[in-house]
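This briefing concerns a predicted model. It takes up the relation between the copies, their contact and the confidence of the prediction.

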There are 2 protein chains.
Amino acid sequence: MADRPVKELNWKTPLEEAHKPSLNKIAEIGICGIMDPISPGTPPGSDVATLALLGYDALKVYSGRGALEAIGSGIDILPGDVCFRCNFATVDENFVVLDRRAGRISNEDAAKLAESLQKIKLKKPSKVDFLFRSTLQHRAVLVLRGAKLSTAVSDADPGKVGEKVQQVKPLNNSSEAKLTSQIVNELLHEFYKTLKNHPLNKERVKRGLPQANIVLFRGAGTIPQIQPLTKTYGVKAACVSAAPLVGGVCKVAGMNLIRVKGATGLPQTNYLGKAEAAVRALDGYDFVLLHVKAPDVASHDGNVKLKIRVIEEIDKMVGYLLDNVDMDSTYLAVTADHTTSLLTGEHEGDPVPIAIVGPYVRRDDVKEFSERSCAKGGLNRIRGLDLMPILMNLLGKIKKFGA
Amino acid sequence: MADRPVKELNWKTPLEEAHKPSLNKIAEIGICGIMDPISPGTPPGSDVATLALLGYDALKVYSGRGALEAIGSGIDILPGDVCFRCNFATVDENFVVLDRRAGRISNEDAAKLAESLQKIKLKKPSKVDFLFRSTLQHRAVLVLRGAKLSTAVSDADPGKVGEKVQQVKPLNNSSEAKLTSQIVNELLHEFYKTLKNHPLNKERVKRGLPQANIVLFRGAGTIPQIQPLTKTYGVKAACVSAAPLVGGVCKVAGMNLIRVKGATGLPQTNYLGKAEAAVRALDGYDFVLLHVKAPDVASHDGNVKLKIRVIEEIDKMVGYLLDNVDMDSTYLAVTADHTTSLLTGEHEGDPVPIAIVGPYVRRDDVKEFSERSCAKGGLNRIRGLDLMPILMNLLGKIKKFGA
C-alpha cells in the first residue's frame, strides 16, 4: 500500500490521493507512526516482512521463501525438506528467458501444467521424491524430500529477461549439495521436455499467449525454526490471506489459516468477504491478521489507477471492521508490509505508515493515514518487529522483564 | 509517572491532568522525546529499567532482583552469594496464600519480624549462612553464603492469592542446586514456625491486620557483573532514592547512596529533603540520580487522585532544582523508569516521556511535559540505554569511537 510520491499524482502518493475516510478515521482516533519493516533502507520481501510484523527477527530466522510458500499452499513441509520457489516462464530454444512470468499465466493453466509435471518420474536412482505445486499465477513451489539434501545450491532462474537459464551448481563440496543440484538440473530438463509438448501450451499459442515452457527454480530453503505465537504470547491467532507466502509464514508462526471464497490474492478479490471472515474470527481468536495482496500487485504492474482503486476497496474493508468490531475491547492496527514503488515496480526500503486504534492507546493529533502524515504521529519511527510487542503489551500479553 | 489515558480523567493521563509548571518549564526550555526503557512493548521491572537508564544493556547483564535489593538495603553482597527477593505474606493452615503482602505490612512490623527470623539456626549441617532483612513494607531479602550454591532453583512464591506455597526445587542436577533448594525449603518452614507463634502477629490480629505468617522466596539471583560508571565515563556519581532496589542498582553501578531523613519510598515522603540532598550532592558529584518511587506505588494501588498529587509534589521538587542549581553549567533530565497503568496496576511496555534541559541542548518547541506532547520532541524515540550516553556526551565524557 505504501509508495513514493508519484509525478502523475502531482507528487502525492497513491495513499494520499485515494478517498479513504475509514483509514483516516483510524489515524484520527488512534496513534500513528512510520515503520521500517526490517531496517531503514532495506527493501524486504513479503516473507521476511511478514515474519517481522509477527514479531520475529527475520535477520536471524529467515531460511528461504520456498518452504514458506509451499506451506501456505497447503503442502506439509517436514524438517529436512528442501524447497524452491518457482516461476512458470517462457524461454526460446536456446533457453534464453523471454518472459519470467509466462504472461502472468492464470491459476487454472498453471494448475493443469503442474499436474502433468508431478507425474514425471526421476531417472537418477535416489531416494528423493519431489512435490511440485502451482500457487498464485506464475508462482509455484518445488519440494525435495527423502534423502540428506542441502540448500547450498545456486538458482536456475537468471533473474532477468534476455539471459540464459542457469545450470544449478552446488555451493559447497558436500555430497548433499551435489545430490540436490543434480536432482534440480534433472527436473529442469524433464519439466522442459514435458512443457514444450504440452497440449495446453499449444492452445496458449493459439490464444496469443506466451508458452509456459519452463519452470525456473530459485531460493532453496527450509522451514524456519521459530516459536509459535501461542507460546510466545499465549494468544490464539488466525490469518485471513489468499497469498500463499503470507499464509505460509502465518502457519509457521502457529496461526490458523482461514480460507475465504473468492479471495484470490489479486486486485479482483472478495474484499468484503475477507473483512467479514476477520470479524467472525475475532469470536474465537485473540489475534487476527487480515492481509490484502492487491496494492502490491498494482504497484508491481505500475498501474496507478488500479492501486488507488484497490486502496479505496481496502478503506471499505476497514470501514466494515470499524462498524462491526467492538472497538471498546479490540485493538486494530493498519499498516503495509513494505513500500512497493509504482515507478520502479519493486519493493523499496522506505518506511510504511502505521496506525493503532483501541481503548488505551495514546491518541495523537494525526488526522490522515498516509506515509507522510503518520510520520508526525505519537509512535514516531518503529521497526516491524516492534509492532507485535506493542500490540501484545496493549492486550496485557507480555511478561514483565525484571521485577 | 507515565501512564495510559484514563477514562475518569476524560482520557487524559495523570501527568497531563496534573498541575506541573516546573516540569512544563523543563519541556519548554529543553529537548523532549519518548523513551522505551528496554524496547517497544516490553514492560520492565524497576531493576532492569534502572540498569537501562544508567546505560547498561539489561538484556545482557541482568542477573535477578534479589541481589540488587539486598545491596540497596545495605547488605554487602559478595560474588557467589545467592539472593532471593522475599515477601512477608499471609497463608492459611494449608499454606494457601491469602494475602501476598500481609496487608502491606509496615516497615516497623516487618523489621521486628525479620530480627526474630535472623536468629534461627539452620539445622542441616552445612557451611551455609543466611542473612535476612526486611526492606520496604512487605518486601525483604534473603542472602545465602558460604558454600557453592546455585540460582537454578524454583520459587516458593506461587505468585497468586488462592494458590499454595510451592516446594522449592532444583532446576538442574547439580549438587549446588540441590543444596540451595534444601536450605531454602528448610528456611521456609523454620520461618513459618517462628512467625505463626510470634507475639507481633498475635498483636496484629488484635489490631485487625492480617498476620505476616510466612515469607515467600523468589527470583534467585547473583550480583550482576557490570563496569561502574566511574570507569565507563569517568564520573563521580551519587543516588538519592529510598527504594532499596533502585539503590542497589546504583550501588552496583558504582554510585554512592545518599540517605535522606524522612525519605520512605512511599507517597508520604520527604520530597523537598530529597531535592535539597540532590542539590547538595551536585557540589561533590558529576552525576546525581534523584528517584521518587511514589507515582509507581499510586498506580499499583489504582489511586488516580494520589498519583496526580504525587506528580504535583515531584513538580515542586523540580521547581526547587531549577531555582537552586546553576543551570548554566548543569544538565537536568526528567523521565520515568517505566509506565505503570492505574487501570491494570501493572508495569506496562508503553514508552515514557523524557526532557533534557541544559546549556547546549537543541531546544525544541514542545511546551508540556507529558507522554503525548513529548512524542513530538526533538529527541524522537530513544531507548533507555541511550539516555546515559546522550547525557555524558553533553558533559564531554564520552570518548570518540574511531579516529
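- The surfaces used by the copies are different, as 6% of the contact residues of chain B recur in chain A.

**Extent of the interface**
- Chain B contributes 36 residues to the contact, and chain A contributes 22 residues.
- Between them, chain B and chain A bury about 2,300 Å², of which 54% lies on carbon and sulfur atoms.

**Polar and charged interactions**
- Two salt bridges are found across the interface of chain B and chain A.
- A salt bridge joins the side chains of A:Asp365 and B:Lys376, with an N to O distance of 2.8 Å.
- Polar contact across the interface of chain B and chain A involves 15 residue pairs, with both residues at pLDDT 80 or more.

**The side of chain B that touches chain A**
- At least two residues of this side come from each of α3 (46-53), α4 (58-61), β12 (347-348) and β14 (380-383) of chain B.
- The residues of this side comprise 16 nonpolar, eight polar and 12 charged.

**Confidence**
- Chain A has a mean pLDDT of 96, and 100% of its residues reach 70 or more.
- For the model, ipTM is 0.88 and pTM is 0.90.

Methods:
Residues are numbered from 1 along each chain as its sequence is written. Chains are lettered from A and ligands numbered from 1 in the order in which they are written. Side-chain values use heavy atoms; hydrogens and water are left out. Contact means heavy atoms within 4.5 Å. Buried area is the accessible area (1.4 Å probe) that two parts lose on being put together, summed over both. A salt bridge is a side-chain nitrogen of Lys or Arg within 4 Å of a carboxyl oxygen of Asp or Glu. A polar contact is a pair of N or O atoms within 3.5 Å; within protein, one must be able to donate a hydrogen and the other to accept it, and residues adjacent in sequence count only if both atoms are side-chain atoms. Helices (H or I, at least four residues) and strands (E, at least two) are DSSP runs, numbered from the N terminus. Ala, Val, Leu, Ile, Met, Phe, Trp, Tyr, Cys and Pro count as nonpolar, Asp, Glu, Lys and Arg as charged, and the others, Gly among them, as polar. pLDDT is the predictor's confidence in each residue, from 0 to 100.
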